[in-house]
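Keep the viewer open as you read.

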Amino acid sequence: MRSLSVCAISLCLGSAAAAGGAFYALGASAPGIESLAWKVSADGTTVVGNDAAGPFVWTLATGLQPFTLPHPGAINVGMRGVSADGAILMGVARIEGVNRGWRLGPGGVLDIISRPDGLSLSAMGMSDDGSTVVGRTSLGNDSRAFRWTPDDGFTLLDDAFGIEAYAASADGASIVGGPFPPFLWRDGSGVEPLQSPADAGPIVYAYAISADGATAAGEATDGNTASAIVWESGVSSVLTPLPGATYTAVYAASGNGATLAGRSSLTGFNGFRAAIWDETRRVIDPNAYFDSIGLDRGGLHLTFIRGVSHDGRTLTGWGERVTDEGATRREAWVAVLDRPASCAADLNRDGVIGFADLNAILSTFGCVGDDCAGDIDADGTVDFGDLNELLSSFGVRCYDPPSPD
């Protein structure tokens, strides 16, 4: 065992990854304005969002490009979704005095999404194949969830009031929303309430769903604090917040649900910090994590993550930049990682993958069973696979401990 530890330290730490990908601060379509990135395509190539000048589309090849909806008279145009390959865009606009949704397909084919009675609606999400748009509409003061497809047109998901639809699975066969109650809609079975932990807040939103429809996530709030919630195989659990955070929520999920992302902030809309939860549901602050793997954040403090690619390697959202005049301005960003963010090797959960974690593996090397402390990859054995996983992420900071009072 002693020779193993010497070999591991002398041969492997020096080869641990330094730079772990690329980071892009997107700027805005005009100087001095803010930009917000709302969604990344499943393949990670296309990001869509909005700034003060209107919607935009970003790719690595083109950079940030302003987008104009090809509809005369459309105003207040917003971007909300993009298909898996970036070929179909979706959003909202005010057309002839009414809020409507829109979907722009290949060849410039434009669909206007509206209610049969002409009342307002807001498109909130789109399936990765572009076949299904979901959102909210109202009857009086009560919200209703809707689904739109080219074949079926506009349909309400349920007769219940108080629900809104936020996201759809890759094929549109599963839809999530909330808050009264949080729900999962499946094609063929309709709306099913999602149960939340008894100690969570009473107002519960399901904001995100994995591509396969197996994992949903969101938040539970009492209006002052909030906890991030995940539903896996029908079972709900509360996710760990960043240290000191009191308002935590998930807004995006990778294709298989292994990576979740959103924010974990101090109170409500103050003290914003972006957050990631890895396959073991350990919480990660991308600010500290990116720094530790050598990604230059370009002066941005990352505050929100709103989109995750299917493989979990591309993330997008916005952050805050302090200008030369001392003001704070929000700016969109994209991070492309060599591999999905993970702190599974932080065995002692102190926020840093280091020698304490290495010792935990070495001291249990060869252990077989469900209670092996060093089993990072959860295959039932502490072996070289776990050791390699730790060494490949040695020095990674999951988050920075909060400053002492």
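Helices here are DSSP runs of H or I with at least four residues, strands are runs of E with at least two, and both are numbered from the N terminus. With that in hand, Pro181 sits in the loop between β15 and β16 (183–186). One thing to keep in mind throughout: this is a predicted model.

## Two cis peptide bonds

Pro181 is worth a look for its backbone. The peptide bond joining Phe180 and Pro181 is cis, with omega at about 5 degrees. Another cis bond joins Gly178 and Pro179, and there too omega is about 5 degrees. Pro179 belongs to strand β15 (residues 174–179), whereas Pro181 is in the loop between β15 and β16.

As background, most peptide bonds are trans.

## Positive phi values

Now for phi. Most residues other than glycine have a negative phi. Asn76 is not a glycine, yet its phi is positive, at about 50 degrees. Asn76 is part of strand β6 (residues 75–82). Is Asn76 buried or exposed? Its relative accessibility is 58%, so Asn76 counts as exposed, the cut-off being over 50%.

Arg349 is another case: phi is near 55 degrees, positive in a residue other than glycine. You'll find Arg349 in the loop between β28 (328–337) and α3 (355–363).

Strands β2 (residues 35–40) and β3 (residues 47–51) run antiparallel and are joined by 5 bridges.

Arg115 lies in the loop between β9 (110–113) and β10 (121–126). Why call Arg115 buried? Because its relative accessibility is 8%, and buried means under 20%.

What does the side chain of Arg115 have around it? A polar atom of that side chain lies 3.1 Å from the backbone oxygen of Ser138. Leaving aside neighbours within four places in sequence, Arg115 is in contact with Ser120, Leu121, Thr137, Ser138, Leu139 and Phe154.

One of those contacts, Leu139, is in strand β11 (residues 133–139). Leu139 is partly exposed, with a relative accessible area of 33%. Together with Leu119 and Phe161, Leu139 forms a nonpolar patch on the surface, and the three share about 250 Å² of accessible area.

Arg281 sits in the loop between β24 (274–277) and β25 (283–284). With a relative accessible area of 14%, Arg281 is buried too. Its side chain reaches the backbone oxygen of Gly257 at 2.7 Å.

Which residues does Arg281 touch, not counting those up to four places away in sequence? They are Thr215, Val230, Glu232, Leu239, Gly257, Ala258, Thr259 and Leu260. For a sense of layout, Arg281 and Lys39 are 242 residues apart in sequence, and their C-alpha atoms are 22 Å apart in space.

Key:
Residues are numbered from 1 along each chain as its sequence is written. This is a predicted model: local features need pLDDT of at least 70, side-chain atom pairs count only at pLDDT 80 or more; totals for chains, interfaces and linings use all residues. Side-chain values use heavy atoms; hydrogens and water are left out. Patches are made of residues with over 30% relative accessible area and no salt bridge: like charges are joined within 9 Å, nonpolar side chains (Val, Leu, Ile, Met, Phe, Trp, Tyr) within 5 Å. Accessible areas come from the Shrake-Rupley method with a 1.4 Å probe; for residues, only the protein chains shown count as cover. A salt bridge is a side-chain nitrogen of Lys or Arg within 4 Å of a carboxyl oxygen of Asp or Glu. Buried means under 20% relative accessible area, exposed over 50%, partly exposed in between (1.4 Å probe, protein chains only). Two strands pair if DSSP finds at least two bridges between them. A polar contact is a pair of N or O atoms within 3.5 Å; within protein, one must be able to donate a hydrogen and the other to accept it, and residues adjacent in sequence count only if both atoms are side-chain atoms. Contact means heavy atoms within 4.5 Å.
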